[in-house]
Amino acid sequence: MRKGSIHYLVIFVVGMYLFLPLAATFLYSISNTWANTILPSDFTLSWYQELFSDQRFILAMGRTLLICILALFVSMITMVMAVFTITVYFPKWERFIQALVMLPYAIPGVVAAVGLIKMYSSKPIVLTGTVWIIVGAYYVLILPYMYQGIRNSLRTIDVKRLIEAAEILGASKWIAFLKVIVPNIIPGILVSSLLSLSILFGEFVLANILVGGHFETIQIYLMKRLKENGHLSSAVVITYFVIVLISSLVMLKLGSRLQNGKTKEKVS
């Protein structure tokens with residue numbers, strides 16, 4: 001077998017491995033019954049109709065989007081500035097900061113949630129049971145992904161020379177950062193953001209322990225529905241997937257426009 005054929009075969013097998021569970025979930029979400037047959041015997045959209053007429057689902061999805069986007073936005077702003085500052089002005093601190101932001105990898109969700117409840121259940125800062133504790137927990141959870149992606153992107157450009165060149169042309173450090181450095185690392189920021197968004201949408205342990213029924217997110221809603229009706233929970237999963245897909249496409253499109261704008265500026 002030729003080398004090129006093996007590559008296509010591997011891509012096909014991996015593609016089917018990823019696609020088949022999703023396709024089966026979708027078929028189950030549009031079936032009335034599915035037992036003892038390869039494919040469902042009859043189809044319906046009633047589960048989606050029931051899902052989108054459920055006020056709880058709409059609110060849970062809205063809450064999930066709100067806390068995920070808020071945590072992601074704050075993380076994006078702070079991490080870009082922090083990684084830039086460390087790379088340019090404090091390179092000796094890089095190893096220490098890298099080890100620090102990697103800690104969430106090593107801490108299980110249950111341990112992190114119990115620690116946060118213990119820490120923020122008494123004065124001076126009381127956050128237990130509020131939405132802010134889950135936003136803060138999500139911020140910490142995605143630190144390794146945001147840091148690593150932005151850091152790798154910054155390493156592909158000569159940051160110091162670009163800043164110096166911009167300053168020679170009359171730009172301040174802040175303007176050089178915004179108009180020269182940030183456009184050059186947009187692909188890294190986007191990849192980190194997409195990875196972080198998908199992780200936050202799939203996270204259940206922190207949301208369940210920290211806020212639970214007080215602030216029902218889509219993950220908690222899905223777990224409750226899973227016990228009631230398999231068809232309906234499959235419809236939730238597919239809707240969930242479509243929203244993540246649309247969010248990813250919007251972010252990629254936005255990044256592509258920013259990159260095109262940057263290229264046009266260079267040409268002009």
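The model is predicted, so local features need pLDDT of at least 70 and side-chain atom pairs count only at pLDDT 80 or more, while totals for chains, interfaces and linings use all residues. Residues are numbered from 1 along each chain as its sequence is written, and side-chain values use heavy atoms, with hydrogens and water left out.

The protein contains 14 helices and zero strands. Helices are DSSP runs of H or I with at least four residues, strands are runs of E with at least two, and numbering starts at the N terminus. The order along the sequence is α-α-α-α-α-α-α-α-α-α-α-α-α-α. Along the principal axes, the C-alpha atoms fill a box of roughly 70 × 65 × 35 Å. Of the 268 residues, 35% count as buried. Buried means under 20% relative accessible area, exposed means over 50%, and partly exposed lies in between (1.4 Å probe, protein chains only). Among contacts with a separation of 6 or more, 73% join residues 24 or more positions apart. A contact is defined by heavy atoms within 4.5 Å.

UniProt places "domain: ABC transmembrane type-1" at residues 61-251. UniProt positions follow the numbering used here, feature names are shortened, and annotations may be inferred rather than shown by experiment. In the model, residues 61-251 are 81% helix and 0% strand. The end C-alpha atoms of that span lie 19 Å apart. The UniProt feature "transmembrane region" is placed at residues 6-28, 65-90, 96-117, 124-147, 185-211 and 232-252. Residues 96-117 are 86% helix and 0% strand, with end C-alpha atoms 27 Å apart.

Helix α3 covers residues 55-89. Its 35 residues should span 51 Å at 1.5 Å a residue, and the end C-alpha atoms are 51 Å apart, which agrees. The expected span is 1.5 Å times one less than the number of residues. At the start of α3, a side-chain oxygen of Asp54 comes within 3.0 Å of the backbone nitrogen of Arg56.

Helix packing was examined for α3 and α11. Two packed helices are described by the angle between their axes and the distance between the axes. Helix α11 covers residues 186-202. The axes of α3 and α11 come within 10 Å and cross at roughly 145 degrees. Axes are lines fitted to C-alpha atoms, for helices over the stretch in contact, and angles run from 0 to 180 degrees between N-to-C directions. The crossing is right-handed. A crossing is left-handed if the near helix is turned anticlockwise from the far one by less than a right angle, and right-handed if clockwise. On the α3 side, the contact is made by Met61, Thr64, Leu65, Cys68, Ala71, Leu72, Met76 and Val80. On the α11 side, Ile189, Ser193, Ser196, Leu197, Leu200 and Phe201 take part.

Thr64 and Leu66 both lie in α3. Thr64 is buried, at a relative accessible area of 0%. Its side chain reaches the backbone nitrogen of Ile218 at 2.7 Å. Beyond neighbours within four places in sequence, Thr64 is in contact with Phe201, Thr217, Ile218 and Gln219. Leu66 counts as exposed, at 53% relative accessibility.

Glu216 sits in the loop between α12 (205-210) and α13 (218-228). Glu216 counts as buried at 8% relative accessibility. The side chain of Glu216 makes polar contacts with the side chains of Arg56 (2.9 Å) and Lys224 (3.2 Å). A polar contact is a pair of N or O atoms within 3.5 Å; within protein, one must be able to donate a hydrogen and the other to accept it, and residues adjacent in sequence count only if both atoms are side-chain atoms. Not counting residues up to four places away in sequence, Glu216 touches Arg56, Ala60, Arg63, Tyr221 and Lys224.

Leu45 occupies the loop between α1 (3-29) and α2 (46-52). Leu45 is exposed, with a relative accessible area of 60%.

Helix α8 (residues 143-155) is mostly covered. Ten of its 13 residues are buried, including Tyr145, Arg151 and Leu154.
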